[in-house]
Amino acid sequence: MDLSTFWFLLIAVLFTGYFILEGFDFGVGILLPVLGRDDRERRVLINTIGPVWDGNEVWLITAAGGLFAAFPGWYASLFSGFYLPFLLVLLALIFRGVAFEYRHKRPEAAWKARWDLAIFLGSLIPAALWGVVLGNLLRGVPLDARHDYTGGLLDLLNPYALLGGVTTTALFVTHGAVFLALKTTGEIRARAGRLAARAATATAAVTAAFLAVGLTIRHTPAAVGLAVAAALALAGALAATRARREGWAFVGTAAAIGLTVAALFAALFPTVLPSTTDPAGTLTVDNAASSAYTLKVMTWVAALFAPVVVAYQGWTYWVFRKRIGVANIPR
């Protein structure tokens, strides 16, 4: 395996890890006004992700940094063409982070309600836009022979990309509901479990449609196998949720998200950004990659520091592994 292929796989792994981990963060934020019926219950929901949400975003920073260094051509075309969606994602993440920090600064209900809305929108907007990005990544975008984006915003809002936005939102909501059922006690746990069971059925349908349409655009045997595995993982998550086996349900939804993203990357390879207007504009792992020396240095750096980051994050999850409930929240 050459280094450009290795780094394509590593970047796919980083984005997959980001969607799995940040996915339940987004799901919890979207479900905040749904499952949190009063201030104490909303504080429970926020506290389930409080110790880990910022660490989960490290995966996005690492993926974007790796993309910039390993595939500068891909990074340049992607971030210029998707400038507005990425800007909205960034602003939403900033407001959501600020909301987590400022919500408890004042006791007024109106103050908390405004920050709760910021958490909701700061979770919903990225959840939907990441699906739009993934849909366009597989479908392709207008690129000229110089790999410059030649389309407009409406080109990004095509039906398949919008279906991708619905799919990622549904996956993250289900993932977040299962996470809450796993991390909470009492009535919140029961409500989250019931919602997860209802959401999983709709999520399975929309995810199957998204993958089926995507695999008609481009596919490989590996992508088809991963898509089938994603469907089976969702079915397993639904069965585990109905049996109140929250741990296995969470494994199922995490696997479904990971396998869905992996299927898209597998269908894409060796292309990294297809052009829908000029075949000469299509970017591949070969014409978008950095020099061999740069990739070699990056590989050594990743080999040294990636295990440390993963070990630290794993330790964080272990420390904050216990369930919490309203009884843990002071009045």
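A pocket here is an open set of grid points with protein on both sides within 12 Å along at least five of seven lines, and its lining residues have an atom within 4 Å of a point. Keep that in mind for this tour of a predicted model.

**Stop 1: the largest pocket.** Select L60, A64, F79, F86 and W130. Of the 22 lining residues, these lie nearest the centre of the largest pocket. The space there is about 490 Å³. Now colour by element. Helix 1 (3-35), helix 4 (58-70), helix 5 (72-81), helix 6 and helix 7 (109-139) each give two or more residues to the lining. Helix 6 gives the most, with 7 residues.

**Stop 2: helix 6.** Select residues 83-102. This helix has 20 residues, so at 1.5 Å a residue it should span 28 Å; its end C-alpha atoms are 28 Å apart, in agreement. Now pick out its buried residues: P85, F86, V89, A92, L93, R96, G97, A99 and F100. They cover an arc of only 155 degrees around the axis, which puts them on the same side of helix 6.

**Stop 3: the second largest pocket.** Select L10, L14, T62, A302 and A306. Among the 16 residues lining the second largest pocket, these lie nearest its centre. About 420 Å³ of space lies here. Helix 1, helix 4 and helix 13 (292-319) each give two or more residues to this lining. Helix 13 supplies the largest share, 7 residues. Which classes make up this lining: nonpolar, polar or charged? The lining has 13 nonpolar residues, 3 polar and no charged.

Terms used
Residues numbered from 1 in each chain as written. Predicted model: local features only at pLDDT ≥ 70, side-chain atom pairs only at ≥ 80, totals over all residues. Heavy atoms only, no water. Helix = DSSP H or I, 4+ residues; strand = E, 2+ residues; numbered from the N terminus. Expected span 1.5 Å × (residues − 1). Buried < 20%, exposed > 50% of the residue type's maximum accessible area, 1.4 Å probe, protein only. Arc of directions from axis to C-beta. 1 Å grid on protein atoms, 1.4 Å probe; cavity = no way out; pocket = protein on both sides within 12 Å on 5 of 7 lines; lining within 4 Å. Points joined across faces, edges and corners; volume = space filled by probe spheres on them. Nonpolar A, V, L, I, M, F, W, Y, C, P; charged D, E, K, R; others polar.
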